[in-house]
Amino acid sequence: MNKVQSALAWINRGASVLPCQPGTKKLVAGYGPYRNQITSPDDVYLWFGGSSKHNLAVSVPNSILALDFDSEQLFWEWEAGLDDRFLTYEEISPNGWHV
């Protein structure tokens with residue numbers, strides 16, 4: 001899944017996304033939890049489409065719990081114990097496992 005697809009999936013679930021400087025987790029100037037956030041497909045394509053090198057950060061509202069696993073083993077152990085009643089969105093990327 002590329003950054004555009006990932007960003008669109010997150011905003012479709014009620015989250016917003018933020019652009020980070022290439023190769024870092026530092027937000028691009030002008031973005032942050034109390035500033036602008038990307039919530040529309042047009043802005044997703046603007047910031048993450050084409051040859052964009054921005055990293056993708058996700059900002060979730062209080063109604064969503066997001067998990068970021070850096071350990072593949074911990075992710076699979078967590079998933080194995082998950083009750084089927086919970087609705088989840090899983091995304092496996094080269095940088096980790098995101099739920």
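Author: Start with strands and sheets. Two strands pair if DSSP finds at least two bridges between them. Helices (H or I, at least four residues) and strands (E, at least two) are DSSP runs, numbered from the N terminus. Note that this is a predicted model: local features need pLDDT of at least 70, side-chain atom pairs count only at pLDDT 80 or more, and totals for chains, interfaces and linings use all residues. Residues are numbered from 1 along each chain as its sequence is written, and side-chain values use heavy atoms, with hydrogens and water left out.

Reader: In what order do the three strands of the open sheet lie?

Author: The general idea comes first. Strands of a sheet pair through backbone hydrogen bonds, either parallel or antiparallel. Here the order is 3-5-4, and the pairing is antiparallel. Strand 3 (68-69) and strand 4 (91-93) are the edge strands, as each pairs on one side only. Strand 4 and strand 5 (residues 96-98) are joined by three bridges. Take Ile 92: its bridge partner in strand 5 is Trp 97.

Reader: Now a helix. Which residues of helix 2 are buried?

Author: Buried means under 20% relative accessible area, exposed over 50%, partly exposed in between (1.4 Å probe, protein chains only). Helix 2 covers residues 41-48, and its buried residues are Val 44, Trp 47 and Phe 48. Look down the helix axis: these buried residues fall within an arc of 80 degrees, so they line one face of helix 2. That arc is taken from the directions from the helix axis to the C-beta atoms. The face turned away from the buried side carries the exposed residues Asp 42 and Leu 46.

Reader: Why can residues a few places apart point the same way?

Author: An α-helix has 3.6 residues a turn, so residues three or four places apart point the same way.

Reader: What do the buried residues of helix 2 pack against?

Author: Contact means heavy atoms within 4.5 Å. The buried residues of helix 2 pack against helix 1 (3-12), strand 1 (16-20) and strand 2 (55-59). Follow Phe 48, which has a relative accessible area of 4%. Leaving aside neighbours within four places in sequence, its contacts include Val 4, Ala 7, Val 17 and Leu 56. Pro 19 is another of its contacts. Phe 48 and Pro 19 are 29 residues apart in sequence, yet 7.8 Å apart in space, C-alpha to C-alpha. Just after helix 2, Gly 50 takes a positive phi of about 60 degrees.

Reader: How many aromatic pairs does the structure hold?

Author: Rings of Phe, Tyr and Trp (its six-membered ring) pair if their centres lie within 6.5 Å; planes under 30 degrees apart count as stacked, over 60 as edge-to-face and the rest as tilted. This structure holds four such pairs. Phe 69 and Phe 75 have ring centres 5.6 Å apart and planes at 70 degrees, so they are edge-to-face. Phe 69 and Trp 78 make a tilted pair, with 5.5 Å centre to centre and 40 degrees between the planes. Phe 69 is buried at 14%, Phe 75 is buried at 0%, and Trp 78 is partly exposed at 25%. Ring pairs link Phe 69, Phe 75, Trp 76 and Trp 78 into a cluster.
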